[in-house]
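Dear colleague,

Please find below the structure that I am handing over to you, with its sequence. My findings on it follow directly after.

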Amino acid sequence: MQAIVTSKGQPLTGEAKEKFRAADESLRKNYAGLDIDEFIPEIERSLGELEVGVPAGIVREYAQHISDRADYELALD
């Protein structure tokens, strides 16, 4: 399971991609199978550290995919 991040339709590359991959891996390791309300603040904190602004509805959607152990594509503007 993984999240694929794209920006303006293009996959992220380089350092940004690696940072997001590491954050996604950590979130999935720690929160898969849990109720999303338990870890949404951690997702918001992680994305904030990466300087990625994501609307609340998208954060919940991403959290649900983490909980469900499902792949997710996060498209950034």
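Helix α1 passes helix α2 in a right-handed crossing (left-handed if the near helix is turned anticlockwise from the far one by less than a right angle, right-handed if clockwise). The model is a predicted one, in which local features need pLDDT of at least 70, side-chain atom pairs count only at pLDDT 80 or more, and totals for chains, interfaces and linings use all residues. Residues are numbered from 1 along each chain as its sequence is written, and side-chain values use heavy atoms, with hydrogens and water left out.

Helix α1 covers residues 14-31 and helix α2 residues 40-49; the two pack at an angle of about 165°, with their axes 10 Å apart. That makes α1 roughly antiparallel to α2 (angles under 35 degrees count as roughly parallel, over 145 as roughly antiparallel, 65 to 115 as roughly perpendicular and the rest as oblique). The axes are lines fitted to C-alpha atoms, for helices over the stretch in contact, and the angles run from 0 to 180 degrees between N-to-C directions. From α1, Phe20, Leu27 and Tyr31 meet Glu42, Ile43, Ser46 and Leu47 of α2, where contact means heavy atoms within 4.5 Å. The residues of this contact of α1 with α2 divide into five nonpolar, one polar and one charged (Ala, Val, Leu, Ile, Met, Phe, Trp, Tyr, Cys and Pro count as nonpolar, Asp, Glu, Lys and Arg as charged, and the others, Gly among them, as polar).

Helix α2 also packs with helix α3 (residues 56-67), at an angle of about 110° and with the axes 10 Å apart. The two are therefore roughly perpendicular to each other. In the contact, Ile40, Ile43, Glu44 and Leu47 of α2 meet Val59, Arg60, Tyr62, Ala63 and Ile66 of α3. The residues of this contact of α2 with α3 comprise seven nonpolar, no polar and two charged. Glu44 of α2 counts as partly exposed, at 42% relative accessibility (buried means under 20% relative accessible area, exposed over 50%, partly exposed in between, with a 1.4 Å probe and protein chains only). Glu44 and Val54 are 10 residues apart in sequence and 8.3 Å apart in space, C-alpha to C-alpha.

For α1 and α3, the axes come within 9 Å and cross at roughly 60°. That makes α1 oblique to α3. The crossing of α1 and α3 is right-handed. Phe20, Asp24, Leu27, Arg28 and Tyr31 of α1 make this contact with Tyr62, His65, Ile66 and Ser67 of α3. The residues of the contact of α1 with α3 divide into five nonpolar, two polar and two charged.

Most residues other than glycine have a negative phi. Arg69 is not a glycine, yet has a positive phi of about 60°. Its relative accessible area of 46% makes Arg69 partly exposed.

Helices (H or I, at least four residues) and strands (E, at least two) are DSSP runs, numbered from the N terminus. Of the 77 residues, 32% count as buried. Among contacts with a separation of 6 or more, 65% come from residues 24 or more positions apart.

Yours sincerely
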